[in-house]
Amino acid sequence: MIEDTLIILKPDCMNAGLCGSVISRFEAEGFQITAAKVNQLDSETLREHYAHVAHLPFFPEIEAFMSSAPVLVFLLKGESVIARVRELLGPTNSEEAPKGTIRGDLGTDRMRNIVHASDSPENAAIEKKRFFPEL
């Protein structure tokens with residue numbers, strides 16, 4: 001099934017100059033970028049995007065990190081792209097991600113894990129509307 005997923009290349013990815021490396025892995029899988037923009041994420045967007053953890057004590061650290069530098073937000077399209085991207089990324093915690101995965105090769109910890117990707121078709125649709133309301 002052809003579907004879309006939302007990708008955010010996080011501040012650690014941007015600051016380390018790893019965007020090309022990450023994107024090339026997605027393109028090697030046959031995925032296509034259908035929309036892209038650079039955003040500086042604000043508190044309102046981050047509270048909405050991380051609503052499931054915004055009430056927890058560690059949220060201020062997430063907010064500070066995710067607003068510390070611009071991010072690259074894009075949509076990827078492809079066959080079973082949501083599940084396949086999640087496999088390419090590896091587990092959320094980069095310290096637990098196997099070598100050969102994006103997070104295992106490029107990430108440093110649970111938060112500084114290079115990439116956010118939608119985890120379900122429902123969340124992909126919500127996140128697409130959040131970051132690309134014009135589409």
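**Reading the model**

Modeller: Start with serine 120, which is found in the loop between strand 4 and helix 7. Helices (H or I, at least four residues) and strands (E, at least two) are DSSP runs, numbered from the N terminus. Residues are numbered from 1 along each chain as its sequence is written. This is a predicted model, in which local features need pLDDT of at least 70, side-chain atom pairs count only at pLDDT 80 or more, and totals for chains, interfaces and linings use all residues; side-chain values use heavy atoms, with hydrogens and water left out.

Colleague: Is serine 120 buried or exposed?

Modeller: Serine 120 counts as buried, because its relative accessibility is 15%. Buried means under 20% relative accessible area, exposed over 50%, partly exposed in between (1.4 Å probe, protein chains only). A polar atom of its side chain lies 3.0 Å from the backbone nitrogen of asparagine 123.

Colleague: Which residues are buried in helix 2?

Modeller: First the general idea. An α-helix has 3.6 residues a turn, so residues three or four places apart point the same way. In helix 2 (residues 19–28), the buried residues are Cys19, Val22, Ile23 and Phe26. They line one face of the helix, because they fall within an arc of 95° seen down its axis. That arc is taken from the directions from the helix axis to the C-beta atoms. Just after helix 2, glycine 30 has a positive phi of about 90°.

Colleague: How many bridges join strand 1 to strand 3?

Modeller: Two strands pair if DSSP finds at least two bridges between them. Strand 1 (residues 2–9) and strand 3 run antiparallel, joined by eight bridges. Isoleucine 7 stands opposite phenylalanine 74 in strand 3. Strand 2 (residues 32–39) also pairs with strand 3 in the antiparallel sense, over seven bridges. There, valine 38 has leucine 72 as its bridge partner. Of the nine residues of strand 3 (residues 71–79), seven are buried.

Colleague: What is the volume of the largest pocket?

Modeller: Rolling a probe the size of a water molecule over the atoms shows where empty space is left. On a 1 Å grid over the protein atoms alone, with a 1.4 Å probe, a pocket is an open set of points with protein on both sides within 12 Å along at least five of seven lines; lining residues have an atom within 4 Å of a point. Here the largest pocket has a volume of about 630 Å³, the space filled by probe spheres set on the points. Of its 25 lining residues, the closest to the centre are Tyr50, His52, Val53, Thr92 and His116. Helix 7 gives the most to the lining, with four residues.

Note on methods
Polar contact = N/O pair within 3.5 Å; in protein donor to acceptor, adjacent residues only side chain to side chain.
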